Amino acid sequence: MVRNPERRAALVDAGVEVLATEGARGLTFRAVDTAAGVPTGTASNYFANRDDLLHQIDTWLHQRLAPDPDAVAELLARPRDRALVAAFMHNLMGRVQRDRTGFLAMMEMRLEASRRPDLRASLMNSLRGDLDEAIAFHTQSDLPGGPEEITLLYLGMRGLILEHLTMPGLLDGAVPGAMVPDDLVTRLVERILPEG
């Protein structure tokens with residue numbers, strides 16, 4: 001049977017939706033078919049099994065959640081200072097707010113990977129690649145700080161994203177005078193990165 005690449009992409013996107021709304025336990029071929037609006041049994045024609053679908057979702061999420069190259073180029077036209085790093089982190093938080101579903105699906109992937117060693121190995125490889133790529137980008141772009149600071153910023157932003165998406169309002173008032181999430185993004189950058 002000839003498979004349609006556009007339909008495969010639609011099924012993977014539907015898988016992201018199901019993962020974000022129903023969690024990993026709700027990610028079935030039937031649920032994906034329903035979310036994609038296709039006949040029952042369609043997803044089983046495109047993916048060998050659930051693991052195959054999860055791996056396809058992992059690959060797609062890394063593309064879907066990546067920054068827009070034009071936005072990156074525009075930001076890189078600015079002076080290479082702490083304010084630019086803050087602008088990159090604000091860009092990330094903006095992407096989180098625009099694609100809440102994608103980021104929630106990635107969190108579900110992490111949880112599912114904690115229970116499935118094969119998925120854990122694959123996801124850890126891709127996530128570590130993301131972190132290494134962020135550190136390399138930071139260094140090559142001559143931004144302030146180094147690998148330690150970028151790793152700490154990565155951890156701080158992941159924590160902020162988790163709280164902001166899963167427990168909206170939890171951080172309101174936690175830092176006096178700080179608007180959530182924007183002021184917290186700025187404060188994370190200011191506390192972690194050197195002035196220069």
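The paragraphs below go through the predicted model from the whole chain down to single residues.

This is a predicted model, in which local features need pLDDT of at least 70 and side-chain atom pairs count only at pLDDT 80 or more, while totals for chains, interfaces and linings use all residues. Residues are numbered from 1 along each chain as its sequence is written, and side-chain values use heavy atoms, with hydrogens and water left out.

The protein chain has 10 helices and 0 strands; helices (H or I, at least four residues) and strands (E, at least two) are DSSP runs, numbered from the N terminus. In sequence order the pattern reads α-α-α-α-α-α-α-α-α-α. Along the principal axes, the C-alpha atoms fill a box of roughly 60 × 35 × 30 Å. Of the 196 residues in the protein chain, 39% are buried, where buried means under 20% relative accessible area, exposed over 50%, and partly exposed in between (1.4 Å probe, protein chains only). Contact is used here for heavy atoms within 4.5 Å. Among contacts in the protein chain with a separation of 6 or more, 67% join residues 24 or more positions apart.

The protein chain exposes about 10,700 Å², and carbon and sulfur atoms supply 55% of that area. Accessible areas come from the Shrake-Rupley method with a 1.4 Å probe, and for residues only the protein chains shown count as cover. There are 21 positive and 28 negative side chains, and the centres of the two sets lie 5 Å apart. In this count Lys and Arg are positive and Asp and Glu negative, with His and the chain ends not counted. The place of a charge is taken as NZ of Lys, CZ of Arg, CG of Asp or CD of Glu.

The next topic is helix packing. Two packed helices are described by the angle between their axes and the distance between the axes. Helix 4 (residues 50-64) packs with helix 8 (residues 117-140) at an angle of about 10 degrees, and their axes are 11 Å apart. Helix 4 is therefore roughly parallel to helix 8. On the helix 4 side the contact is made by D51, L54, H55, D58 and H62, and on the helix 8 side by D118, L119, S122, L123, S126, L127 and D130. Axes are lines fitted to C-alpha atoms, for helices over the stretch in contact, and angles run from 0 to 180 degrees between N-to-C directions. Angles under 35 degrees count as roughly parallel, over 145 as roughly antiparallel, 65 to 115 as roughly perpendicular and the rest as oblique.

W60 is in helix 4 and is partly exposed, with a relative accessible area of 30%. Beyond its neighbours within four places in sequence, W60 is in contact with V12, D13 and V16. The C-alpha atoms of W60 and T151 are separated by 24 Å, with the two residues 91 apart along the chain. R120 is in helix 8 and counts as partly exposed at 32% relative accessibility. With neighbours within four places left aside, R120 is in contact with A113, S114 and R115. R120 and Q56 are 64 residues apart along the chain, and 14 Å separates their C-alpha atoms.

Two buried residues come next. T42 lies in helix 3 (residues 42-46), and its relative accessible area of 7% means that T42 is buried. L92 belongs to helix 6 (residues 82-98) and counts as buried at 10% relative accessibility. Not counting residues up to four places away in sequence, L92 touches F103, M157, R158 and I161. L92 and M157 are 65 residues apart in sequence, and their C-alpha atoms are 8.9 Å apart in space.

The remaining points concern loops. D142 lies in the loop between helix 8 and helix 9 and is exposed, with a relative accessible area of 58%. D142 has a positive phi of about 60 degrees although it is not a glycine. P181 lies in the loop between helix 9 (147-166) and helix 10 (182-192). The peptide bond from V180 to P181 is cis, with omega near 0 degrees.
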